[in-house]
Amino acid sequence: MKKREAGVLLPLFSLPGEEGIGTMGKEARAFIDFLAETGNRVWQILPMGPTGYGDSPYQSFSAFAGNPYFIDLETLKEEGLLEEADLEKERFKESKEKISYGLLYELKHKILRKAYENWLSKGGNLSVLLEGRSKENFDYCLFMALKDFFNGIPWLSFEKPYRDKDQATIEKFLEEHKQEVGYYAFLQMQYDKQWQALLAYAHEKDILIFGDIPIYCAMDSADAWGNRALFQFDETGYPSSVAGVPPDAFSETGQLWGNPLYDWEKHKAEGYAWWCKRMEYCLNQFDLLRVDHFRGFESYYAVEYGAETAMVGEWREGPGFGLFQAIQKHFQKEELPIIAEDLGVITKEVEELIAKTGFPGMKILQFAFSDFENVYLPHMLKDSNSVYYTGTHDNDTLRNWFETLSDWERGNVYHYLSRSQNDWNAMTELLIKTALSSISYLCIIPAGDYLECGAEGRINAPGTAEGNWQWRLPENAFNEEKKAVISNLLRTYGRFHSPAPQK
């Protein structure tokens with residue numbers, strides 16, 4: 001992708017439908033059709049891992065597993081694993097506009113367990129199923145069965161033999177709970193099958209899927225439980241330091257993320273094998289990959305475990321270019337389809353690392369209007385090797401952002417676009433045009449911006465604990481008129497993609 005293209009940011013969970021959350025079923029295919037019809041080339045999504053408390057896709061139970069909530073129940077019905085009455089569509093109606101994760105937790109797993117029981121009764125081979133999982137994915141299935149056994153508590157609170165993964169204890173548990181571990185393996189089998197079918201459909205339409213990988217693993221994850229030696233844990237078996245960012249203009253106490261930090265010396269000694277496996281897993285699922293918090297590979301902020309804020313911490317050296325050399329060697333490619341999330345306070349050393357990798361960075365229009373020499377303004381871009389956004393999943397919608405700006409910053413927007421208050425109602429489209437006009441080779445517009453959503457369309461507000469990751473696209477939101485507008489915009493700015501001829 002070194003020519004001008006465009007795409008749309010829409011989390012898979014935000015798709016409409018009758019199952020309480022977006023799935024890998026017909027609505028996902030309809031969205032791919034919409035992208036192809038309007039001349040878009042790329043569908044950008046958020047991380048697809050299984051989520052826990054807080055529902056954030058950036059805090060997943062595994063870096064090597066898919067979220068079972070995305071499994072399409074209608075597809076399971078077509079395969080004979082469910083009946084129409086099993087789908088309980090009436091109960092899911094309360095999640096039509098906003099996702100209710102409590103309802104999903106209660107209802108969807110009940111339905112998926114019914115499908116699993118039907119699979120077993122139809123001759124499903126449990127041993128073959130378990131043997132077919134990768135080590136990392138099997139660890140996830142085992143981990144989730146253990147969490148069920150301990151009523152959902154974090155693994156650091158498991159009884160010691162289970163917490164420390166005592167071999168005899170785990171073998172006995174697996175023998176006694178094989179069917180429960182098998183349930184999670186069944187979900188992963190169905191997830192993999194449905195996702196690969198959706199990916200193939202996208203490729204038939206000449207659409208690329210743009211995935212996302214969090215830099216850190218969640219503390220309560222199969223990754224940390226199963227690979228404790230690869231993280232900064234002390235001799236007691238508990239973390240010594242955790243991740244965060246220091247105080248800045250946005251937070252007086254910093255942000256205490258609480259993720260376990262990597263033991264980069266251990267990773268280096270093993271040739272970064274775990275990271276190579278992680279990248280292989282991701283690049284088997286996505287055509288492009290955004291790597292979150294890229295600055296953490298140059299240096300990362302460490303906070304003592306147990307601290308209440310991130311005010312006291314220290315910067316430590318990350319793996320640097322050595323990690324990406326190992327990944328290039330693993331794939332036997334110098335160029336990888338990776339985009340570096342390089343937002344926030346970026347040092348000269350981070351800029352040098354990104355330049356050395358050659359990865360495109362990100363430019364955000366909403367960050368651009370502090371002054372007229374801001375590096376995110378279209379006229380300040382130095383080359384096309386970047387991805388331009390009106391905003392990301394962490395930003396407000398374009399419309400609500402503009403309407404709630406301070407008077408002086410809104411004045412900067414008017415001045416830059418040679419507009420006035422008379423153009424208030426046209427500003428969302430004008431700002432989208434500004435983003436599309438940039439020299440960046442790829443421009444991504446969030447779906448909510450094309451639809452001119454207000455605050456209700458925001459996906460995530462960083463630093464808040466409630467109300468995030470819930471927005472759903474209204475049914476038939478992209479009508480023929482809206483599709484024509486989008487197509488014309490992409491043609492105007494040289495970003496309209498004509499699908500490749502079908503072979």
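In the protein chain, 73% of the contacts between residues at least 6 apart in sequence join residues at least 24 apart, where contact means heavy atoms within 4.5 Å. Keep in mind that this is a predicted model, so local features need pLDDT of at least 70 and side-chain atom pairs count only at pLDDT 80 or more, while totals for chains, interfaces and linings use all residues. Residues are numbered from 1 along each chain as its sequence is written, and side-chain values use heavy atoms, with hydrogens and water left out.

**Overall build.** The protein chain has 19 helices and twelve strands; these are DSSP runs numbered from the N terminus, with helices (H or I) of at least four residues and strands (E) of at least two. Its radius of gyration is 23 Å, which agrees with the value near 23 Å for a compact globule of 503 residues. That radius is taken over C-alpha atoms, and the globule rule is 2.2 Å times the number of residues to the power 0.38. Along the principal axes, the C-alpha trace spans about 70 × 55 × 45 Å.

Of the 503 residues, 57% are buried, meaning under 20% relative accessible area, with exposed set at over 50% and partly exposed in between (1.4 Å probe, protein chains only). The accessible surface comes to about 22400 Å², and carbon and sulfur atoms hold 49% of that; the areas come from the Shrake-Rupley method with a 1.4 Å probe.

**Ring pairs.** Searching the whole structure turns up 47 aromatic pairs. Rings of Phe, Tyr and Trp (its six-membered ring) pair if their centres lie within 6.5 Å, and planes under 30 degrees apart count as stacked, over 60 as edge-to-face and the rest as tilted. Here are two of the pairs:

| Pair | Centre distance | Plane angle | Class |
|---|---|---|---|
| Tyr116 and Trp119 | 6.2 Å | 15 degrees | stacked |
| Tyr162 and Phe173 | 6.2 Å | 80 degrees | edge-to-face |

Tyr116 and Trp119 sit three residues apart in helix H4 (residues 101-121), so about one helical turn separates them. Both Tyr116 and Trp119 are buried. The other pair links two helices: Tyr162 is in H7 (residues 160-163) and Phe173 in H8 (residues 167-176), so it ties together parts eleven residues apart in sequence. Tyr162 is buried at 15% relative accessible area, and Phe173 is buried at 2%.

**Helix H13 and its packing.** The buried residues of H13 (residues 321-331) are Phe321, Leu323, Phe324, Ala326, Ile327 and Gln328. They pack against helices H11 (264-269), H12 (273-283) and H14 (348-357).

**Cys141.** This residue lies in helix H6 (residues 135-149) and counts as buried, at 0% relative accessibility. Leaving aside neighbours within four places in sequence, Cys141 touches Arg133, Val181, Tyr184, Ala185 and Gln188. Its C-alpha atom is 30 Å from that of Glu94, which is 47 residues away along the chain.

**Positive phi.** Most residues other than glycine have a negative phi. Against that background, Gln332 is not a glycine, yet has a positive phi of about 55 degrees. Gln332 sits in the loop between H13 and strand S9 (338-340) and is exposed, with a relative accessible area of 75%. Asn151 also has a positive phi, near 55 degrees. Asn151 belongs to the loop between H6 and H7 and is exposed at 73% relative accessible area.
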